Amino acid sequence: MDLFCSHSGLDPLWDWNRTWHTSSPDLTQCFQNTVLVWVPCAYLWVCAPLYCLYLRHHDRGYICISRICWAKTVLGFFLAFCGFVESLYLLLERHREIQRHLVFLLSPAMRSLTMVLAVCVIHVERARGCRSSLFLFLFWLLVTVCSLVPLRSKVQLALDEGLSVDAARYLAFFLYVSLQLAQLVLCCFIDPPPETTKPEPDKNSCPVTNASFLSKIFFWWFGGLVVRGYRSSLRVEDLWSLREEDTSERILSTPGAGLELAAAVRHTFITVLHHRRGLRADRTAPRAGLGAGPGAGPGRGPAAVPQEASDAAELWEGLLRALARSFGPCFLSGTLHLILHDIFMFTIPQVLSLLLGFMSEQGAPLWRGYLYAALLFLLSSLQSLCNHQYMYSCSSVGMRVKTAVMGLVMGTLCSLVLTSSARRECTVGEIVNLVSADTQKLMDFVVYFNAVWVAPIEVGLCLFFLWQHLGPAALAGIATVIVIFPLNGLIAKRRSKLQEVQMKFTDGRIKLMNEILSGIKILKLYAWERAFQERVQALRERELHTLRTSQILYSLSIASFSSSSFLMAFSMFGVYVLTDPRNVLDAQKVFVSMALINILKGPLSQLPSAMSTSMQAVVSLRRLGRFLGQDELKADSVVKTPFSPEGDSLTIENGTFSWSHSEKALHASGG
């Protein structure tokens with residue numbers, strides 16, 4: 001690159017004396033005319049094919065060209081025209097020395113072709129129903145940011161030499177940057193909805209459906225409800241209706257979720273059973289005919305399920321796998337926000353260390369301090385944005401998972417395919433707990449699951465950076481963590497067992513209450529109120545005793561993690577000072593170490609909740625798997641034929657009748 005720039009009479013690509021070790025920093029002309037121009041162009045040319053492929057598979061309809069689209073198109077072609085004019089001017093004026101001006105010729109030509117590509121992407125988005133483009137916003141933002149350095153150089157040069165030297169070139173460059181900024185502003189607005197979009201029947205629809213990507217990132221769409229709540233008390237009529245993708249009707253009818261989730265779960269269940277027990281796969285078939293219509297109830301038709309499906313202890317993995325396949329992509333998008341949040345979080349202490357080093361350095365340029373302070377503000381803002389986006393996306397996915405599992409459980413009941421023995425085992429109290437408590441555990445699991453694997457990584461990175469600042473004294477903090485983690489692992493395992501016992505008591509109590517309410521007349525007639533009251537209270541006391549023990553263990557876990565940051569700071573600073581008299585705690589070591597220890601508070605406080613929630617979710621998955629793996633009626637057991645006045649109305653051939661598999665069966669061999 002230096003050789004390429006030297007042919008055009010420019011400085012090398014990078015010069016530390018001009019960029020860093022100076023009171024007036026600036027980038028070299030080679031860097032400004034190559035890297036700052038080529039990086040935005042490379043971003044668009046590399047990512048545009050992938051983005052167009054994504055739009056091809058996510059067609060939302062056709063959008064008629066609007067005024068905003070016309071403005072973007074005109075500005076894009078004008079920017080391309082300016083680049084072509086600049087290239088043509090160089091060809092005409094410097095054609096004899098064109099080899100010495102390749103940099104100045106190549107950059108505007110590449111810029112013009114990129115602007116044409118940007119206009120094409122605008123219309124591809126319009127044809128595919130993309131109303132607000134984050135992809136093009138990042139491009140125009142990158143172009144504008146890269147133009148700020150040449151703009152500063154041009155302004156400084158104009159102030160030093162005056163505009164009379166080359167006024168036309170200065171004005172053309174300023175106009176070009178202004179048009180780029182206008183394109184950036186236009187990308188923040190949203191286009192009208194596609195022609196195929198159905199009109200909203202609800203006047204109080206959720207505004208997020210018509211919000212731009214910037215409004216979604218900063219949650220501006222939520223501001224109207226906040227202002228309304230500030231001015232007056234909110235009522236039910238003020239709340240928005242659910243988005244279409246969050247409604248139970250959409251979740252239970254979208255391919256890959258809801259009703260189709262039932263088919264995926266059943267197929268996965270049977271596959272797991274065949275794999276583990278060595279059964280032939282052709283003995284059973286996945287459920288068919290799902291989502292046939294509203295008249296079919298939840299839409300689950302009977303299917304041939306092996307009798308071994310009652311052993312549901314092996315089926316919860318199939319349920320988890322089916323949920324991951326249905327809602328995994330949305331969950332992974334939230335995980336990406338969490339990874340970005342952690343990157344920004346661990347960058348802040350490093351920038352803080354540079355800022356404190358700048359304050360202790362004599363004769364350092366003042367602009368470095370402003371740069372570090374601006375970086376701290378920017379990183380903190382980005383960290384907060386990523387954290388809120390992660391919580392919002394995981395909460396949305398958790399709500400959809402809860403809705404889908406509730407629909408799956410209710411579909412099993414309403415389809416009337418359970419055998420009589422299975423109906424006797426599944427009590428009303430257990431079903432109520434499955435729909436209310438266990439589905440809520442799964443929703444909490446979606447929100448806190450990432451903390452199970454992210455928290456140990458965050459703890460390890462914090463200890464690594466503490467080692468860099470305090471040396472072997474960081475081992476004292478590692479020792480504290482080593483003591484705390486196994487203790488909380490034992491507590492989480494014990495709480496998981498306690499939850500299983502608690503849910504059994506809860507199921508028995510709800511079952512007994514349902515029996516009491518259904519037979520209240522007999523109970524009153526024989527004056528059995530006190531006897532049944534004592535039985536209910538006995539079950540409730542056992543349930544509360546188990547819950548109390550679990551909460552005591554949870555309090556011990558929270559207390560150990562909450563005090564861990566103080567114990568780590570006390571032990572590390574104490575060991576650092578006492579091991580060597582030359583170890584002095586200056587401002588840089590103290591503040592950076594405390595910043596890292598404050599970061600530790602997050603994973604150390606989230607880890608017990610995440611471990612507890614994960615253990616409870618495993619218990620809930622096992623309970624759901626046990627229910628969904630109950631024996632069901634076979635599809636070929638009953639054959640329905642058209643009515644005929646001649647012949648028998650009911651025919652039984654080789655029938656076997658029993659209340660359960662363990663009881664003696666009655667056989668009918670004749671017709």
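Helices (H or I, at least four residues) and strands (E, at least two) are DSSP runs, numbered from the N terminus. The model on display is predicted: local features need pLDDT of at least 70, side-chain atom pairs count only at pLDDT 80 or more, and totals for chains, interfaces and linings use all residues. Residues are numbered from 1 along each chain as its sequence is written, and side-chain values use heavy atoms, with hydrogens and water left out.

**The whole chain**

Begin with the chain in cartoon view, where 20 helices and two strands are assigned. Of the 671 residues, 42% are buried; buried means under 20% relative accessible area, exposed over 50%, and partly exposed in between (1.4 Å probe, protein chains only). Contact means heavy atoms within 4.5 Å. Among contacts with a separation of 6 or more, 78% join residues 24 or more positions apart.

Select Ala404 in helix α14, which spans residues 366–414. Ala404 counts as buried because its relative accessibility is 0%.

Proceed to Ile343, which belongs to helix α13. With a relative accessible area of 46%, Ile343 is partly exposed. From Ile343 to Leu379 the C-alpha to C-alpha distance is 9.4 Å, across 36 residues of sequence.

**The largest nonpolar core**

Now display side chains for Leu466, Met568 and Met572, the residues with the most contacts inside the largest nonpolar core, which has 30 residues. Such a core is a set of buried Ala, Val, Leu, Ile, Met, Phe, Trp, Tyr and Cys residues joined through side-chain atoms within 4.5 Å. At least two residues of this core come from each of α13 (316–360), α16 (428–470), α17 (474–518), α19 (529–579) and α20 (587–628). Helix α20 supplies the largest share, eight residues. In soluble globular proteins, nonpolar side chains tend to be buried together.

Centre the view on Leu466. Setting aside residues up to four places away in sequence, Leu466 touches Gly471, Ala474, Met572, Ser593, Leu596 and Ile597. A second, separate core has 29 residues, including Trp316, Phe331, Leu338 and Val405.

**Two helix pairs**

Colour α17 and α19 next. They pack at an angle of about 165°, with axes 9 Å apart; axes are lines fitted to C-alpha atoms, for helices over the stretch in contact, and angles run from 0 to 180 degrees between N-to-C directions. The angle makes α17 roughly antiparallel to α19. On this scale, angles under 35 degrees count as roughly parallel, over 145 as roughly antiparallel, 65 to 115 as roughly perpendicular and the rest as oblique. Helix α17 passes α19 in a left-handed crossing, a term for a near helix turned anticlockwise from the far one by less than a right angle (right-handed if clockwise).

Within α17, pick Gln502. Gln502 is buried, at 15% relative accessibility. Apart from neighbours within four places in sequence, Gln502 is in contact with Glu543, Thr546 and Leu547.

For the other pair, select helix α5 (residues 67–93) and helix α6 (residues 102–127), whose axes are 8 Å apart at an angle of about 160°. The helices α5 and α6 are therefore roughly antiparallel to each other, and their crossing is left-handed.

**Two positive phi values**

Most residues other than glycine have a negative phi, and most peptide bonds are trans. Phe219, although not a glycine, has a positive phi of about 60°. Find Phe219 in the loop between α9 (213–218) and α10 (223–231); Phe219 is partly exposed, at 23% relative accessibility.

Ala527 is not a glycine either, yet has a positive phi of about 55°. The loop that holds Ala527 runs between α18 (520–525) and α19. Ala527 is exposed, with a relative accessible area of 56%.

**Cysteines**

Finish by selecting the cysteine sulfurs. A disulfide is a pair of cysteine sulfur atoms within 2.5 Å, and a search of the whole structure finds zero disulfides. Cys52 is in none, and its nearest cysteine sulfur, that of Cys120, is 9.0 Å away. Cys52 is partly exposed, at 29% relative accessibility, whereas Cys386 is buried, with a relative accessible area of 9%.
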